[in-house]
Amino acid sequence: GGAFSLSSPLLLPPAAVVFGAAAALCVCLVWAMAPSSPFLIEAREVHRLLLSSGLPLQDFLASLVRPTQLLARPPISSFFVGAVGLGSSGCVFRGVNLEFPGLPLHSSVHAEQFLIANAAQNGECQLRVIAVSAAPCGHCRQFLQELRGATELRVLIADTDAEIQSLSHFLPHRFGPNDVLQGDFPLLLDPRDNGLSLLPVDEDKVSCCQTGGGCSWNDMVVIDKEMDNGPSLIDKSVESRYEIDRCISASDRELSGSDGAERIIGDTCQLEGGCLQDKCSRIIDSEVSFSSSTDHPHSDTSDTSKGQLDDPLFQRDLNKNSPPSVTSSLRLAALEAANKSHAPYSNCPSGMALLTSNGNIYSGSYMESVAHNPSLPPLQAALIAFVSRGGGRYSEIVQAVLVEMETAVVQFSATTKLALEKICPDCIFHVCYAFKM
């Protein structure tokens, strides 16, 4: 594309003129994908706001940083960080820091990471300039190296001096993708398709896991759908073959036989007649069906569950390749995120999708850094989508699906389960394995 200037009095001349045909396509893609969100300002609105403000572009971007900081969620540090980025599409993306009590500090999301994931999830092709409330930490300076044209990325420190420098000023002796990868390869924000497909699952044996159920990875119970011999324990070497559907601790194995009676284990219930509550599931011998939640003692018609029964997102998947309680929409959203995952250093792409109690799905892709530690896990990427697109309390998240490769040397199933126990303990967690075509 053509030259980009921060001194330009106008932000959004026609994209094809300023940034080239590829950027014009990016503009259309972002407009098509973008929902209404405080973390995204669409190009037309950016142009209107810039003109009405009468500010130079640099000052306009700096003016957005303080309001962005107020959107941060830092319950541990109480240190609010905001980042604002201008894409080649003309759209402005916002990012904030997220912290999660009960988890290690390295589980936090940095504002610059949030910004980049937000841009990726909205189809942005390239970032031209970012404005931040404080100088990027070393973690973020390294993570930004994954962007195409990273050395030319302009970084504005939105303090009283409003200093602006290239990223190479902040990390002069860079270690980047070109130091490890050879040839032509896609970078972060570049289009990609990792060519993953979901593996089939043995429907006759489905392990059960709910994040708040209190089970460990070595205390899993497999429910045999034939129910001839009742539930049986499996060891860790076998459990990885089965999808995680709900969690029952080994100490809570007092299941009745296959007489159709309701079986309650703590606050986890399994009812042959069908239960769609957040903490309920049932196992039947040969087929999957369900009835109205009003037939079940855990029913609560005072909340949104009544309308969810007719929502296709809550219809149990009848595909024999997947457990009944994992909806096709959620699995496919996680698979799509995995196929967009930036994982060139481990070749272990993964993706995450979250389902909320009102039926919304939020997904995010694993994003690797050449320096490894600054990488953004798939759960954090999905939580960025949740926050940026209007999600409220994390307790709204009722189901989560992780898609990764079963034999991958980098896996997230164990750490994601532990993180979900702290972030949204009532969330039902599923792992779906994928393979490369």
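Among contacts in the protein chain between residues at least 6 apart in sequence, what percentage join residues at least 24 apart? In this predicted model, the share is 65%. The chain comprises 12 helices and 16 strands. Of its 437 residues, 55% are buried.

In soluble globular proteins, nonpolar side chains tend to be buried together. Here the largest nonpolar core has 61 residues, and L98, L127, M352 and I423 have the most contacts inside it. Helix α11, residues 378-388, gives the most to this core, with eight residues. Leaving aside residues up to four places away in sequence, I423 touches F100, L103, L379, L383 and Y394. Another core, of 17 residues, lies apart from the largest one and includes L335, V401, V403 and C432.

**The five-stranded sheet**

An open sheet with mixed pairing has the strand order β7-β16-β15-β13-β14. Strands β7 and β14 form its edges, each pairing on one side only. From one strand to the next, the twist averages 25 degrees. Strands β7 and β16 run antiparallel and are joined by three bridges; S197 has F435 of β16 as its bridge partner.

Two helices are described against these strands. Helix α10 packs on the sheet and touches β7, β13, β14, β15 and β16. Helix α12 lies across β13, β15 and β16. Their directions are compared below.

| Helix | Residues | Reference strand | Angle |
|---|---|---|---|
| α10 | 328-339 | β13 | about 150 degrees |
| α12 | 413-423 | β16 | about 160 degrees |

**Helix α5**

The buried residues are A111, E112, Q113, F114, L115, I116, A117, N118, A119 and Q121. Just after α5, G123 adopts a positive phi of about 80 degrees.

**Cysteines**

The structure holds zero disulfides. The cysteine sulfur closest to that of C140 belongs to C137, at 3.8 Å, which is too far for a bond because a disulfide requires sulfur atoms within 2.5 Å. C140 is buried, with a relative accessible area of 1%. C432 also counts as buried, at 1% relative accessibility.

Note on methods:
Residues are numbered from 1 along each chain as its sequence is written. This is a predicted model: local features need pLDDT of at least 70, side-chain atom pairs count only at pLDDT 80 or more; totals for chains, interfaces and linings use all residues. Side-chain values use heavy atoms; hydrogens and water are left out. A nonpolar core is a set of buried Ala, Val, Leu, Ile, Met, Phe, Trp, Tyr and Cys residues joined through side-chain atoms within 4.5 Å. Buried means under 20% relative accessible area, exposed over 50%, partly exposed in between (1.4 Å probe, protein chains only). Helices (H or I, at least four residues) and strands (E, at least two) are DSSP runs, numbered from the N terminus. Contact means heavy atoms within 4.5 Å. Two strands pair if DSSP finds at least two bridges between them. Axes are lines fitted to C-alpha atoms, for helices over the stretch in contact, and angles run from 0 to 180 degrees between N-to-C directions.
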